[in-house]
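Here is a short briefing on one protein model. Keep the sequence and the 3D view open as you read.

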Amino acid sequence: MIYRVNLTVTPLHNVVLPTLSSKVIKYLIASQQFLPELKQLVLTEDKYKPIFISNLRDNERIFLDKERGVKANTELKAFVSFYSETVPPTFASRGGIYNTPYGKFAINIDNIKIIDLSEISKEIEKNIDKNIKATFKTPVVLSPKLFLPPSLKDKFVNISNIITTLPPPGLISAYAYNLYCSILGKRIIEEKEFKLATLVNGLSIVTSYNMRPLTVDIGKNRKNRGAVGWIEFDIVYEKLKRKVMKYLLVASYLGLGKGRGIGLGETEISFLSKKI
């Protein structure tokens, strides 16, 4: 099951939110003040950890790329999504008042959405004849090194920090495949990863896109650069398209790429009727 916990976050005095305002919620989970059941998911070093913590937002304006002052009693929204195979968690608290390094906040759980993977199958059937639109609301950090054949990866292992700001459908799909395998406890097979990326690139048609690079400060003198915007495409081989849609729909809850635990790679997947 995938769980999405929707939150209202209200500062009780004037505050200055940090770049990557997701740090407010991450701090509270890591310190076990709020949603303590999720602490281990937040602290794990797994590359494809099964949790996404969104940045705070006001009327869909996401507080992300610079420090922002917010007045007291301004209602902000956020969400935490995670995957769990166990019995649905019973959160000890529906909210409360919490102190953080960024100020004092009142936090309330608005609702919890539970997504069974069988629901994803229904969404695929309903939209199989439509184009796929992937929208990246926060920078999606993807490395094109994933396109290297497995036989060559060791040769270039020391080359790092290569990030594309115009990710093609194959790269997007392969990262979503890796996330899907990881949360289900399946071993990520490099040959399948490479084959999927190559096939999707060779069998997809990009109908439109609007993307731009954005760099954000993630703290400790580190910055991440990724792409924000959207890309619309179709995959002409239906069997492959069904698989990719499944992977991407999971990513629409858990994000895509590097930094999902701090709100990077927030992804929205929608389906658009094909233009004649």
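## Briefing: burial, backbone angles and contacts

Leu-35 is buried, with a relative accessible area of 3%. This residue sits in the loop between H1 and helix H2, which spans 39-43. The model is predicted.

**Positive phi angles**

- Most residues other than glycine have a negative phi.
- Leu-35 has a positive phi near 45°, and it is not a glycine.
- Asn-73 is not a glycine either, yet its phi is positive, at about 70°.
- Find Asn-73 in the loop between strand S6 (68-70) and strand S7 (76-83).
- Is Asn-73 buried or exposed? Asn-73 counts as exposed, because its relative accessibility is 56% and the cut-off for exposed is over 50%.
- Leu-35, in contrast, counts as buried, because its 3% falls under the 20% limit.
- Gln-32 follows H1 and also has a positive phi, near 60°.

**Helix H1**

- Helix H1 covers residues 23-30.
- Which residues of H1 are buried? They are Lys-23, Val-24, Ile-25, Leu-28 and Ile-29.
- Val-24 and Leu-28 are also in contact with Thr-100.

- Thr-100 lies in strand S8, which runs over residues 95-100.
- Thr-100 counts as buried, because its relative accessibility is 13% and buried means under 20%.
- Where does the side chain of Thr-100 reach at 2.9 Å? It reaches the backbone oxygen of Gly-103.
- A polar atom of the Thr-100 side chain also lies 2.9 Å from the backbone nitrogen of Tyr-102.
- Leaving aside neighbours within four places in sequence, Thr-100 is in contact with Val-24, Tyr-27, Leu-28 and Phe-105.

**A nonpolar surface patch**

- Which residues form the nonpolar patch on the surface? The patch is made of Met-1, Ile-112 and Ile-114.
- Together these residues have about 220 Å² of accessible area.
- Met-1 lies in the segment before strand S1, which spans 2-11.
- Met-1 is partly exposed, because its relative accessible area is 35%, between the 20% and 50% cut-offs.

Note on methods
Residues are numbered from 1 along each chain as its sequence is written. This is a predicted model: local features need pLDDT of at least 70, side-chain atom pairs count only at pLDDT 80 or more; totals for chains, interfaces and linings use all residues. Side-chain values use heavy atoms; hydrogens and water are left out. Buried means under 20% relative accessible area, exposed over 50%, partly exposed in between (1.4 Å probe, protein chains only). Helices (H or I, at least four residues) and strands (E, at least two) are DSSP runs, numbered from the N terminus. Patches are made of residues with over 30% relative accessible area and no salt bridge: like charges are joined within 9 Å, nonpolar side chains (Val, Leu, Ile, Met, Phe, Trp, Tyr) within 5 Å. Accessible areas come from the Shrake-Rupley method with a 1.4 Å probe; for residues, only the protein chains shown count as cover. A salt bridge is a side-chain nitrogen of Lys or Arg within 4 Å of a carboxyl oxygen of Asp or Glu. A polar contact is a pair of N or O atoms within 3.5 Å; within protein, one must be able to donate a hydrogen and the other to accept it, and residues adjacent in sequence count only if both atoms are side-chain atoms. Contact means heavy atoms within 4.5 Å.
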